[in-house]
Amino acid sequence: MCDHKFNFMMNFFSCVAYLLLLPALLATTPKEPWTSPPRWASLERYNDTITATELEKLLQTVYVPDGSWKSWITITPHAAFIEPYPGAAQRLQLSLAPSSDACKKVPRYWKTPQERSPLPGKPLAGLNIALDPGHLGGAWSKMEERWFRIGKTPPVEEGTMTFFEAQLIANRLRNLGATVQLTKNHLGPTTPLRPSQLHQATIDEFHEEGRTTWTHRQFQMMEEILFYRTAEIHYRAQRVNQELKPDLVICLHFDAEEWGNPKHPQLIDSNRLHILISGNFNGSELKKEDDRYIMLRKLLGQVHYEEVGIADAVSKAFEATTTLPPFTYHNPTKARPALAENPYLWNRNLLASRLMEAPVIFCEAYSMNDPLVFQRIQLGDYDGKRLIHGKKVPSIYREYAKAVTQGLVNYFGK
Ligand SMILES: [Zn+2]
């Protein structure tokens, strides 16, 4: 029964959890159908692109602030020595630039703002943006735990909402000169894999967790999670890196508080906003070879300052447009502040943002089961303003689109 599933899966409730790795989801064995083994030698392309000081700073303050990187990486003034896996015959040697002036150009497919020229009236000209609508949506919303309904009102489906939102934002950005691509062009999955093909991966997952017994229902649920979360995100990320090659990825989500039984959901005053960028890998995640490799690839691509700048601009535009208060994390193993003076920005280790090599900002806006937001979602998209709870408000979708668009114009249109 669905309700049992939802109760069991409460730990996966938050939108952000959608992209978090379960321990075995981090596994890197080639038999997993969504991943390939780390290509350590490919990191040699980053030779002399970063100084020892900057490498250590990014590791310690952004990517691995608990310091566990020291178990795998040794930094000297002229080279970093990286142990790819325990007992490896040879450590990878990454040569480091003697000074920031001596750094070679970082090899990457995305352009910095300095590498493009806005046109008059087209502040986003030359910018290639990928929009990633979170979740599958449509008929898949119940399976992926992104569905609730009150009485006979239309159900709230986050994946359907983000897909609509992405199209709205895409139109606005194109009018401002940007090239915009979506990571999916229909509701539902993009990965060709389906749960029934993930039997062995599910067994491997349970073994990785140290579990030796499970019920039929637990097994089925794990197959589904590996499908709609792990396989789907890997597929989208692969498409971003190999085909779309954008200058920026914006992951679009609507946040929520835990709503309990999806057929009798709780409405809770909980409206808020936060924007996540990659970082804050912890020691247990770094024990996974695949995560170590991906973390280093992300770090050496030097997306961090770009991500902070874009996220800062977008959060300020959201704040001005929506007056949403910031969401605050209280557990540093989960997320840490990304910018001391901006309470909306957090470093968090999410699957999508670490796999995609371009700068990625991950927007978690509103709370779908906040009473006011719920009413706004029920109204759908509309022109102008409508009265809700004594307040005239625009369509929630247009407000979201306005905030994202204004933030990008403020950052890139300078
Ligand atoms: Zn979400």
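A residue is called buried at under 20% relative accessible area, exposed at over 50% and partly exposed in between (1.4 Å probe, protein chains only). The model is predicted, and local features require pLDDT of at least 70, side-chain atom pairs count only at pLDDT 80 or more, and totals for chains, interfaces and linings use all residues. Residues are numbered from 1 along each chain as its sequence is written, and side-chain values use heavy atoms, with hydrogens and water left out.

A salt bridge is defined as a side-chain nitrogen of Lys or Arg within 4 Å of a carboxyl oxygen of Asp or Glu. By this rule the model contains 19 salt bridges. One of them joins the side chains of Asp132 and Arg236, at 2.9 Å from N to O. Since Asp132 belongs to strand β4 and Arg236 to helix α5 (residues 216-244), the pair ties together parts that are 104 residues apart in sequence. Both Asp132 and Arg236 are buried. Helices (H or I, at least four residues) and strands (E, at least two) are DSSP runs, numbered from the N terminus.

A salt bridge also forms between the side chains of Asp291 and Arg354, at 3.6 Å from N to O. Here helix α7 (residues 289-300) holds Asp291 and helix α9 (residues 351-355) holds Arg354, so the pair ties together parts 63 residues apart in sequence. Asp291 and Arg354 are each buried.

The side chains of Asp383 and Arg398 meet in a salt bridge at 2.7 Å, N to O. Asp383 sits in the loop between α10 and β13 (385-388) and Arg398 in helix α11 (residues 396-412), so this pair ties together parts 15 residues apart in sequence. Asp383 counts as exposed, at 62% relative accessibility, while Arg398 is partly exposed at 26%. Elsewhere, Arg45, Arg297 and Glu357 are linked in a network of salt bridges.

Arg116, in the loop between β3 (92-95) and β4 (128-133), is buried yet has no salt bridge; the nearest side chain of opposite charge, that of Asp247, is 5.9 Å away. A polar atom of the Arg116 side chain does lie 2.9 Å from the backbone oxygen of Ala125.

His253 is located in strand β8 and is buried, with a relative accessible area of 1%. Its side chain makes a polar contact with that of His135 at 3.2 Å. Such a contact is a pair of N or O atoms within 3.5 Å; within protein, one must be able to donate a hydrogen and the other to accept it, and residues adjacent in sequence count only if both atoms are side-chain atoms.

Notes: Lys, Arg positive; Asp, Glu negative; His and termini not counted.
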